[in-house]
Each structure stands twice: as C-alpha cells, then as structure tokens.
Amino acid sequence: MTNNNECCSCCQQSSYLPVRSAWAKAIISKVENDQHLEDIDRRTWYRLTRSDLLRDEYRQLFQEFHEDEDTTKFIEQSQEKSDNTPVQIIHSLASSLLTIFIARTSANGLIGRGRMFVYSTAQFKKLLDIDDNEQYSLTSLLDIGAGDGSVTERMAGVFKKVYATEISSIMQWRLSTYGYTVLDIDQWRDLKFDVITCLNVLDRCEKPLSLLKKIREHLNPSNGRAIITLVLPFKPYFEYNNDHHPDEAIYIKGRLPEEQINELILNVFQPLGFRLRKLSRLPYLCEGDMERSYYFLSDYIFVLEVA
C-alpha cells in the first residue's frame, strides 16, 4: 500500500515531466537551428540569385555589399541575448501578457524584444553616395514606420533633423524619447525631405500605393532620395485589422524575386513618378529567442529619385 507522501511525491514528479520535456525540446531545437545558421554561407545574403532575369538597365545599377563589422556585431549580440535563458523567459512571459492588451509588435517594442537590423550606417551612406566621414551632410530624414527606432538610429547621424512616423502609440513615445520629431502617419505638413526611408513597410501597411504617392509628393524634387526595402517574394499583411488584408493591393507578376523586381520598377515605381538609382540585396535580421539565435529574410533595396 502506498502512503500519502509517496503519492504526493509521484504526483509532483509527473507534473514536472511536461515542463522538463518542453524545455528539453526547446534546447534541442535551438541547438539544431543554430547549427543550421552556422552552416549558412552568409555571402549569399548579398547576391542576386538569378541576375539573368533582371532587365539589363537594372542589373547595371545593382550594388553588391558584404557583411561588415556592424552586421557581425548585431548577429553576435543576438546570439548572446538568445543564450541568456532568464532574459528569454522574462521576455516570453511579458510578451504573452502584454499581447492580451496591445499588438505583438508594440509589446515587443515595449520590452525591447526582437530588435531589427536592415543595414549598417556605412552601408546606408554607400546607398546615398555619402562619404564615410561625413556627418550631418543632409538636412532632413523621414523614416516611415520607424518601429522602436533602432534602425533609425543608424541613419540619424547623417541628418540635421530626423522625423519619424509610427502607427503604434507606444512606439511613438519611444521614438520621441530619442529626440526624433514624430509626425502623424497621414499628415506630414508641407515638409520636404532629403531622404525618405520606407523599410519593410509597403507590404505591411493599409494603403501602399497612397503611401508611395505621398513619398513622391514630399521628396525634395532636386536631390531627394527614397529608400524602399521589401522582402521578396511579395506577401502583403496588415496587422491592425481583422482579415489582415490591405485596403490597396499591389499586383506583382512573377514568382522569383528578380522577376518581381522588374514588375515593381516598371509597373509600380515608374508610373508613380520614380526613377531607380540603385538596387541592392541585404539580410533583414531580427533578434532571436529561445528557439534560435536570430532570424533573417532577404531584403531588396530600391534607391529611388524623382523622375
């Protein structure tokens, strides 16, 4: 006959098994995922896969980058943060609790989880043909959908004045603490900007075509530049409505990124009054979690000017 103490002990041990099993699976999964990340040839992040599919005039404007010091540093910091189990547990619990009340993007921004990396300051300057040693060489930047400001920060030193837009009120507050002027997402006054960046926003906003028209309208007509980045193949998703479909659709033919690049330039950017100056490809990096050290997607960069 089993006594009560033995029963309690058995029950306690059995209740721990699912937790231990879940943690064991998470650890094994992370080891496997991180090994996969280690095996990747990161040089391929910066190259076109099928350059033969690009129109000749676009291929000539392609600028190939490489992994620089800032990119490597971001990856290493992401790995260290991912390996910090107590921090990951706190972030996971806090995010789960906050998403009851606010969108996941806002929740992650509030707790400093999932910071992004699009390009380094040096890469940004090369896209705009700015000398590495130059500071405050341009007057104004507008960063659309600036999130928590971590990407904006890498560009800010080039400009005398930095403006930002963000749909999340929590992110608006965070951006204002950095000293950036936060504009309404629909009202940019009568301002003209030397550079407008729209980084991974077109496929995540409600009215992408209206946004492009607005960028064209507020870009300095003499020397203004717009930097548009997109993950391709193009898969639009809008977080802030029930069906997650944007109100305006951008229809792009083609299955491969290079095919879609042709379509975007010919049938979206050019009809709206833009001309391509540079084209590039960079990794769109995001801090990891308990499952992997970091995440990445392929970002295609379009540097545009007023036609």
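Residues count from 1 along each chain as its sequence is written, and side-chain values use heavy atoms, with hydrogens and water left out. Because the model is predicted, local features need pLDDT of at least 70 and side-chain atom pairs count only at pLDDT 80 or more, while totals for chains, interfaces and linings use all residues.

User: Are the rings of Phe124 and Phe159 stacked, edge-to-face or tilted?

Analyst: Rings of Phe, Tyr and Trp (its six-membered ring) pair if their centres lie within 6.5 Å; planes under 30 degrees apart are stacked, over 60 edge-to-face, and the rest tilted. Here the centres are 6.1 Å apart and the planes sit at 50°, so the pair is tilted.

User: Is Phe124 buried or exposed?

Analyst: Buried means under 20% relative accessible area, exposed over 50%, and partly exposed in between (1.4 Å probe, protein chains only). Like Phe159, Phe124 is buried.

User: Within what arc do the buried residues of α3 fall?

Analyst: Helices (H or I, at least four residues) are DSSP runs, numbered from the N terminus. In α3, Thr71, Phe74, Ile75, Ser78 and Ser82 are buried. They line one face of the helix, because seen down its axis (using directions from the axis to the C-beta atoms) they fall within an arc of 95°.

Notes: Helices (H or I, at least four residues) and strands (E, at least two) are DSSP runs, numbered from the N terminus.
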